[in-house]
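Reader: Please show me the model. I would like to ask about the terms used to describe it.

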Amino acid sequence: VQLVESGGGLVQAGGSLRLSCVASGSIFSINDMGWYRQPPGKERELVAVIESGGSTNYADSVKGRFTISRDNAKNTVYLQMNSLKPEDTAVYYCNYDSPYLMAWGQGTQVTVSS
């Protein structure tokens, strides 16, 4: 499975960005797709995950500001990020997790200026 992310960039605090991740290859129908991030000098952490059936889970730090969604027909997962804060600055990674395989994207940089 290959994952290609897009949509990162530089934004001012309070702004919005939308990340996209397209999966290709041998995709199992039952899978979780999610977004993780790694701030400078810190460990990678979960941002949000969505199951193939649509159930979602969010980190407390992004609840109410970020929304994860997916289009199963396009094998694509999205992360709508609103009310961005400087502490959201990180490399954001797309993740695919199935009973048989886990895969990571290459990462996309999100920088929020104050």
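The questions below set each label beside its cut-off.

Reader: What kind of model is this, and how are residues numbered?
Author: This is a predicted model, where local features need pLDDT of at least 70, side-chain atom pairs count only at pLDDT 80 or more, and totals for chains, interfaces and linings use all residues. Residues are numbered from 1 along each chain as its sequence is written, and side-chain values use heavy atoms, with hydrogens and water left out.

Reader: Why is Arg65 called buried?
Author: Buried means under 20% relative accessible area, exposed over 50%, and partly exposed in between (1.4 Å probe, protein chains only). Arg65 has a relative accessible area of 11%, so it is buried.

Reader: Where does Arg65 lie, and what is it in contact with?
Author: Arg65 sits in the loop between strand E6 (56–58) and E7. Strands are DSSP runs (E, at least two residues), numbered from the N terminus. Contact means heavy atoms within 4.5 Å. Leaving aside neighbours within four places in sequence, Arg65 is in contact with residues including Gln80, Met81 and Asp88.

Reader: What makes Asp88 and Arg65 a salt bridge?
Author: The term asks for a side-chain nitrogen of Lys or Arg within 4 Å of a carboxyl oxygen of Asp or Glu. In this pair the closest N and O atoms are 2.7 Å apart. Asp88 lies in the loop between E8 and E9, and Arg65 in the loop between E6 and E7, so the pair ties together parts that are 23 residues apart in sequence. Salt bridges that share partners join Arg37, Glu45, Arg65 and Asp88 into one network.

Reader: How do you know that Arg37 and Asp88 also form a salt bridge?
Author: Their side chains meet at 2.9 Å, N to O. Arg37 lies in strand E4 and Asp88 in the loop between E8 and E9, so this pair ties together parts that are 51 residues apart in sequence. Arg37 is at 4% relative accessibility, so it counts as buried. Asp88 is at 0%, so it counts as buried too.

Reader: Which labels do Asp60 and Lys63 get, buried, exposed or partly exposed?
Author: Asp60 is at 64% relative accessibility, so it counts as exposed. Lys63 is at 49%, so it counts as partly exposed. They form a salt bridge, with the closest N and O atoms 3.1 Å apart. The structure holds four salt bridges.

Reader: What makes E3 and E8 a pair?
Author: Two strands pair if DSSP finds at least two bridges between them. Six bridges join E3 to E8, which run antiparallel. In E8, Gln80 is the bridge partner of Arg18. Gln80 is also the bridge partner of Thr67. E7 and E8 pair over six bridges, antiparallel.

Reader: Why do E1 and E7 count as edges?
Author: The open sheet has four strands in the order E1-E3-E8-E7, with antiparallel pairing. Strand E1 (2–6) and E7 each have a single partner strand, so one side of each is left without a neighbour in the sheet.

Reader: What is the largest nonpolar core, and which residues touch the most other members?
Author: A nonpolar core is a set of buried Ala, Val, Leu, Ile, Met, Phe, Trp, Tyr and Cys residues joined through side-chain atoms within 4.5 Å. The largest one has 27 residues, and Trp35, Leu79, Met81 and Tyr92 touch the most other members. Strand E8 (76–81) is among the elements that give two or more residues to this core. Five of the six residues of E8 are buried.
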